[in-house]
Amino acid sequence: MSATRDKKGWSAGLEQSDPVLLRKALVSDVGPLARLINGYARQGIMLPRSEFELAEGVRDFTVAVCGGQIAGCGALHFYGTTVGEVRSLAVQPSWKQQGLGRQIAQAIETEARQHGLCSLFAFTYVPGFFQKLGFHEVGRDALPSKVWKDCMGCPKFQCCDEIAVRKLLIGPHSRDGITPMGGEPGTDDSVVVPVPMVRKEAF
Ligand SMILES: CC(C)(COP(=O)(O)OP(=O)(O)OC[C@H]1O[C@@H](n2cnc3c(N)ncnc32)[C@H](O)[C@@H]1OP(=O)(O)O)[C@@H](O)C(=O)NCCC(=O)NCCS
């Protein structure tokens with residue numbers, strides 16, 4: 001899968017002729033993925049990921065590669081058979097604002113549709129980016145409670161200030177993003193898991 005070059009062209013010191021390839025990640029990508037994600041984690045804008053965790057979930061990842069370097073990444077994580085999360089979406093600083101984040105997110109959405117998922121969600125500090133891609137801000141109670149099980153290991157569990165965004169992929173409201181009542185179709189929301197508290201100053 002080749003990425004199309006944005007009208008603004010690529011920077012980062014690479015030749016214009018260098019093609020950008022979007023592909024599924026390999027275990028050999030784990031080191032560069034850790035450096036990219038944890039660079040942003042040190043700034044407090046992404047969750048840190050150990051190399052062990054990344055290797056465990058490496059098949060979730062799509063990477064954008066140019067000139068042999070990883071220019072960006074993102075992951076699709078499944079919650080049951082109908083809901084997916086866009087995780088660990090990151091573009092190298094020198095590649096930002098050139099359409100790469102959009103292309104990675106779209107590749108993840110295509111993958112989610114191929115799997116027949118009903119919706120995709122993300123927790124993010126950049127809701128404006130996701131809104132450009134058709135996501136809408138939702139209340140945390142709109143997401144399946146399974147989601148919070150993963151949050152329990154997070155250092156920000158009791159002071160989470162990320163914004164939940166969701167895009168419906170199928171169903172009558174998938175185009176306009178209107179939130180249906182209740183949980184996602186086919187999900188088992190019977191498990192009671194505490195929902196993280198949101199810091200007051202986030203609003
Ligand atoms: C967020 C991120 C992935 C965006 O990647 P990118 O390659 O710079 O984004 P794109 O160039 O594809 O932008 C697509 C659209 O979103 C907009 N956009 C990009 N970043 C944005 C932001 N922070 N806020 C609002 N809109 C944004 C762009 O202007 C563009 O809009 P346009 O189509 O109208 O021109 C990138 O900035 C990044 O890696 N940030 C640090 C890590 C992070 O916050 N990841 C998100 C974790 S959920």
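Predicted model: local features only at pLDDT ≥ 70, side-chain atom pairs only at ≥ 80, totals over all residues.
Residues are numbered from 1 along each chain as its sequence is written.

Trace the chain along its sequence to see the pattern β-β-α-α-β-β-β-α-β-α-β-α-β. Of its 203 residues, 33% are buried; a residue is buried if 20 or more other C-beta atoms, placed from the backbone, lie within 10 Å of its own, exposed if 12 or fewer, and partly exposed in between.

**Stop 1: α1**

Select 30-41, which is α1. This helix has 12 residues and reaches 16 Å from its first C-alpha to its last, close to the 16 Å expected at 1.5 Å a residue (the expected span is 1.5 Å times one less than the number of residues). Show the side chains of Val30, Leu33, Leu36 and Ile37, which are buried in α1. They lie on the same side of α1 because they cover an arc of only 130° around the axis, taken from the directions from the helix axis to the C-beta atoms.

**Stop 2: the core**

Next, select Leu33, Ala64, Ala71, Cys73 and Ile104. Of the 43 residues in the largest nonpolar core, these touch the most other members. Such a core is a set of buried Ala, Val, Leu, Ile, Met, Phe, Trp, Tyr and Cys residues joined through C-beta atoms within 7 Å. Elements giving two or more residues to this core include β2 (20-24), β3 (61-66), β4 (69-79) and β8 (163-168).

Centre on Cys73. Leaving aside neighbours within four places in sequence, its contacts include Ala25, Leu33, Phe61, Ser88 and Ile104; two residues are in contact if their C-beta atoms, placed from the backbone, lie within 7 Å.

**Stop 3: Phe135**

Move to the loop between α4 and β7 (136-137), where Phe135 sits. Phe135 counts as buried because it has 24 C-beta neighbours inside 10 Å. Beyond its neighbours within four places in sequence, Phe135 is in contact with Ala122, Phe130, Val165, Arg166 and Lys167. Draw a distance to Ala164, 29 residues apart along the chain: the two C-alpha atoms are separated by 9.6 Å.

Notes: Helix = DSSP H or I, 4+ residues; strand = E, 2+ residues; numbered from the N terminus.
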